[in-house]
Amino acid sequence: MMDNAPLPTREKIMQMLKTDGELSAKAMSERLGITLMAVRRHLNTLERDHLIESGTVRQPMGRPMSVYRLTPGADDYFPKRYHAAALELLAELAQDSGEAAVNRLFDLRQRSLYDQYESGLRGKKLADKVALLSDIQNESGYMAEWDKISESEFVLTEYNCPIARIANQYNHACACELGLFADLLGAEVERTSCLASGDRKCVYKIKGAEGGIRSARGGTS
């Protein structure tokens, strides 16, 4: 059901561009019932924030018309139900094929991520690997940071978990992440706090593996 509460003008512009694809400033002015100058002020702000972009379209008669459309980055502006949809799909899979099939999906994701990142970490010192892993996690929205405890000990902290709701229901997701870190770093990795378990952050203690042996240990504070 649509929410009929009044929207700010910029949100109305975003909604119009979402439904219509592209519009001229004049068309938006007429729909919103405000001056063209006022519309252009809002458009300038949205362009500055990289939410919209301008272009031109040819008309049967006269000069080309300037129009505005949403940028690819504007997709994040609109509400998403990714977690709910993912949980629904996983629940259907678990009901149809059992939880082992769901765990298999997480195992495949772990392998895929390892294949994606391993070559970039290969041959580097542990400190450099931890720094690169932190960057990788930040690019995925984990709000990660790392600290050096000693030459062979480090702490990786994540203040956000994009899959927390999924991991809360399917613990194997956390086990796979732990195993992924151990494999990528070639080190012993222990998780001492976990967002999916209700902690304020995920904390990983990393220790250089002796004799090339690596292990992963999970737990909460």
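## Salt bridges

The count of salt bridges in this predicted model comes to six, a salt bridge being a side-chain nitrogen of Lys or Arg within 4 Å of a carboxyl oxygen of Asp or Glu. Local features need pLDDT of at least 70 and side-chain atom pairs count only at pLDDT 80 or more, while totals for chains, interfaces and linings use all residues. Residues are numbered from 1 along each chain as its sequence is written, and side-chain values use heavy atoms, with hydrogens and water left out. Side chains of opposite charge can pair when their charged atoms come close.

One of the salt bridges joins the side chains of Asp75 and Lys18, at 3.8 Å from N to O. Asp75 lies in the loop between S3 and H4 and Lys18 in helix H1 (residues 9-20), so the pair ties together parts that are 57 residues apart in sequence. Helices (H or I, at least four residues) and strands (E, at least two) are DSSP runs, numbered from the N terminus. Asp75 is partly exposed, with a relative accessible area of 31%, and Lys18 is also partly exposed, at 43%. Here buried means under 20% relative accessible area, exposed over 50%, and partly exposed in between (1.4 Å probe, protein chains only).

In another salt bridge, the closest N and O atoms of Arg122 and Glu118 are 2.7 Å apart. Arg122 is exposed, with a relative accessible area of 55%, whereas Glu118 counts as buried at 19%. Lys148 forms a salt bridge with Glu151, with the closest N and O atoms 2.9 Å apart. Of this pair, Lys148 is partly exposed at 46% and Glu151 is exposed at 67%.

## The sheet of S1, S2 and S3

Three strands form an open sheet in the order S1-S3-S2, with antiparallel pairing. S1 and S2 stand at the edges, each with a single partner strand, so one side of each is left without a neighbour in the sheet. Two strands pair if DSSP finds at least two bridges between them. Strand S1 (residues 22-23) is joined to strand S3 (residues 65-70) over two bridges, and Leu23 stands opposite Tyr68 in S3.

Strand S2 (residues 52-57) pairs with S3 over six bridges, again in the antiparallel sense. Across this pairing, Glu53 has Arg69 in S3 as its bridge partner, and the partner of Val57 in S3 is Met65. Helix H3 (residues 36-48) packs on the sheet, touching S2 and S3, and its direction makes about 115° with that of S2. Contact means heavy atoms within 4.5 Å; axes are lines fitted to C-alpha atoms, for helices over the stretch in contact, and angles run from 0 to 180 degrees between N-to-C directions.

## Pairing of S5, S6 and S7

S5 and S7 run antiparallel and are joined by six bridges. Glu158 has Cys202 in S7 as its bridge partner. S6 also pairs with S7 in the antiparallel sense, over six bridges, and Ala187 stands opposite Gly208 in S7.

## Nonpolar cores

The largest nonpolar core has 36 residues, of which Phe106, Leu185, Val189 and Ile206 touch the most other members. Helix H4 (82-97), helix H5 (99-121), helix H6 (126-139), strand S5 (153-158), helix H7 (164-169), helix H8 (172-185), strand S6 (187-193) and strand S7 (202-208) each supply at least two residues of this core. H8 gives the largest share, nine residues. A second, separate core of 16 residues includes Met16, Leu43, Leu51 and Phe78.

A nonpolar core is a set of buried Ala, Val, Leu, Ile, Met, Phe, Trp, Tyr and Cys residues joined through side-chain atoms within 4.5 Å. In soluble globular proteins, nonpolar side chains tend to be buried together.

## Aromatic pairs

The structure holds three aromatic pairs. Rings of Phe, Tyr and Trp (its six-membered ring) pair if their centres lie within 6.5 Å; planes under 30 degrees apart count as stacked, over 60 as edge-to-face and the rest as tilted. Phe106 and Tyr170 form a tilted pair, 6.3 Å centre to centre with 45° between the planes. This pair links distant parts of the chain, with Phe106 in helix H5 and Tyr170 in the loop between H7 and H8, 64 residues apart. Phe106 and Tyr170 are both buried.

The ring centres of Trp146 and Phe154 are 6.0 Å apart and the planes lie at 50°, so this pair is tilted. Trp146 counts as partly exposed at 31% relative accessibility, whereas Phe154 counts as buried at 2%.
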